[in-house]
Amino acid sequence: MKARLFGVAAAAVIVLAAPQARAQQFVNVLTGGTSGVYYPLGVAIAKIYGEKIPNGKAQVQATKASVENLNLLQQGRGEIAFSLGDSLKAAWDGDAEAGFKAKLDKLRVIGAIYPNYIQIVATSESGIKTLADLKGKSLSVGAPKSGTELNSRAILKAAGMDYKDLGKIEYLPFAESVDLMKNRQLAATLQSAGLGVASLKDLSNSSDINVVAVPKEVVDKIGPPFVAETIPAGTYKGQDKDVPTAAVINYLVTSSAVSDDLAYQMTKLIYESLPELASAHAAGKGIKLETAAAGSPVPLHPGAIKYFKEKGVLK
């Protein structure tokens with residue numbers, strides 16, 4: 001009888017333990033609007049995680065991008081997210097004006113990825129060719145309190161302007177901005193994204209455009225994390241010259257609530273799957289392991305630190 005009871009108890013332990021052993025590693029990837037760069041890269045990352053993390057299941061969530069993503073991470077509603085560097089700093093500082101009611105102390109960085117280029121594009125018929133020409137004209141500055149909208153404020157301020165100097169402000173995601181421009185209801189859009197963003201390619205293929213320069217002296221007034229960069233000639237149809245602009249580094253961010261093991265796997269799979277990310281979007285070509293651990297305004301996750309030390313990126 002004792003032996004029989006022991007056998008039943010042991011079987012019960014095995015049954016109870018089995019679900020735990022088979023527990024899935026769930027990863028929610030927080031991205032941005034579907035017409036931006038974050039989304040296709042997020043889809044690629046979710047596919048990689050779903051296939052290569054043991055018992056992994058990943059999904060992609062379209063969001064309003066940086067600011068929303070960071071708030072969702074703090075709330076435990078995502079495992080990895082895309083964010084602009086200036087939004088990340090504002091979140092760590094608890095900048096209420098930027099959309100953060102308090103310091104987001106649970107944020108931890110997986111690594112730096114590609115630079116976001118500030119891309120100000122106007123319809124040719126608007127006559128907008130310089131930042132000064134935006135005065136009195138209509139401009140879409142991105143979704144409210146998004147990373148793009150924060151970039152818009154910074155660029156205009158450095159150029160000696162604010163929203164009051166513009167004729168009309170639209171707070172719209174990329175695709176909706178382009179739709180208004182096609183319908184002659186909007187003069188220009190500022191989009192903070194990787195080069196070759198789908199929305200602006202679509203616009204340039206259907207309308208004559210001007211890509212507006214952000215001169216280096218304007219970028220220097222803003223300072224870090226903004227740096228002077230160039231939109232190469234031919235990035236968009238009809239753009240026959242290099243255009244100077246500003247850029248901000250993007251980061252993949254996680255939470256201190258994510259285990260060291262999962263963060264390690266997420267980091268490793270990102271930087272060992274760079275060809276797949278480059279295939280998902282041209283911006284993925286800008287992701288480099290050598291610079292992944294540098295310059296973050298928020299601490300790296302211990303799981304990411306472990307990987308970067310293994311690869312010799314950190315000592």
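Two residues are in contact when heavy atoms of theirs lie within 4.5 Å. Keep that cut-off in mind for serine 152. Leaving aside neighbours within four places in sequence, serine 152 is in contact with Val141, Tyr163 and Leu190. Serine 152 sits in helix H5, which runs over residues 147-158. Its relative accessibility is 0%, so serine 152 counts as buried.

Now step back to the whole chain. This is a predicted model. The chain has 315 residues, and buried residues make up 50% of them. Its secondary structure comprises 11 helices and 10 strands. Along the principal axes, the C-alpha trace spans about 90 × 35 × 35 Å. Take the contacts between residues at least 6 apart in sequence: 74% of them join residues at least 24 apart.

What lies inside? The largest nonpolar core has 100 residues. Those with the most contacts inside this core are Tyr49, Leu70, Leu107, Met266, Tyr271, Leu277 and Phe308. Strand S4, residues 107-123, gives the largest share of the core, 11 residues. Where does the core lie relative to the domains? Domain 1 (25-113 + 250-311) and domain 2 (117-248) both give residues to this core, so the core lies between them.

Leucine 277 gives a local view of the packing. Apart from neighbours within four places in sequence, leucine 277 is in contact with Leu41, Ala44, Ile45, Ile48, Ile270, Gly284 and Ile287.

Helix H2 covers residues 38-52 and includes lysine 47. Is lysine 47 buried or exposed? Lysine 47 has a relative accessible area of 52% and is exposed; the cut-off for exposed is over 50%. Lysine 47 and glutamine 59 are 12 residues apart in sequence, and their C-alpha atoms are 8.4 Å apart in space.

Helix H3 spans residues 66-74. Of its 9 residues, 7 are buried, so H3 is largely enclosed by the rest of the structure. The buried ones are Ser66, Val67, Asn69, Leu70, Leu72, Leu73 and Gln74. Glycine 76 follows H3, and its phi is positive, near 80°.

The backbone deserves a separate look. Most residues other than glycine have a negative phi, and most peptide bonds are trans. Several places here depart from that pattern. Alanine 65 has a positive phi, near 80°. Alanine 65 lies in the loop between strand S2 (56-61) and H3. With a relative accessible area of 16%, alanine 65 is buried.

Arginine 184 also has a positive phi, near 60°. This residue is placed in the loop between helix H6 (174-182) and strand S7 (188-193). Arginine 184 counts as exposed, at 67% relative accessibility.

Which peptide bond is cis? The one from proline 224 to proline 225, with omega near 10°. Proline 225 lies in the loop between helix H8 (216-222) and strand S9 (226-231).

Conventions: Residues are numbered from 1 along each chain as its sequence is written. This is a predicted model: local features need pLDDT of at least 70, side-chain atom pairs count only at pLDDT 80 or more; totals for chains, interfaces and linings use all residues. Side-chain values use heavy atoms; hydrogens and water are left out. A nonpolar core is a set of buried Ala, Val, Leu, Ile, Met, Phe, Trp, Tyr and Cys residues joined through side-chain atoms within 4.5 Å. Buried means under 20% relative accessible area, exposed over 50%, partly exposed in between (1.4 Å probe, protein chains only). Helices (H or I, at least four residues) and strands (E, at least two) are DSSP runs, numbered from the N terminus. Domain bounds come from an automatic or database domain assignment.
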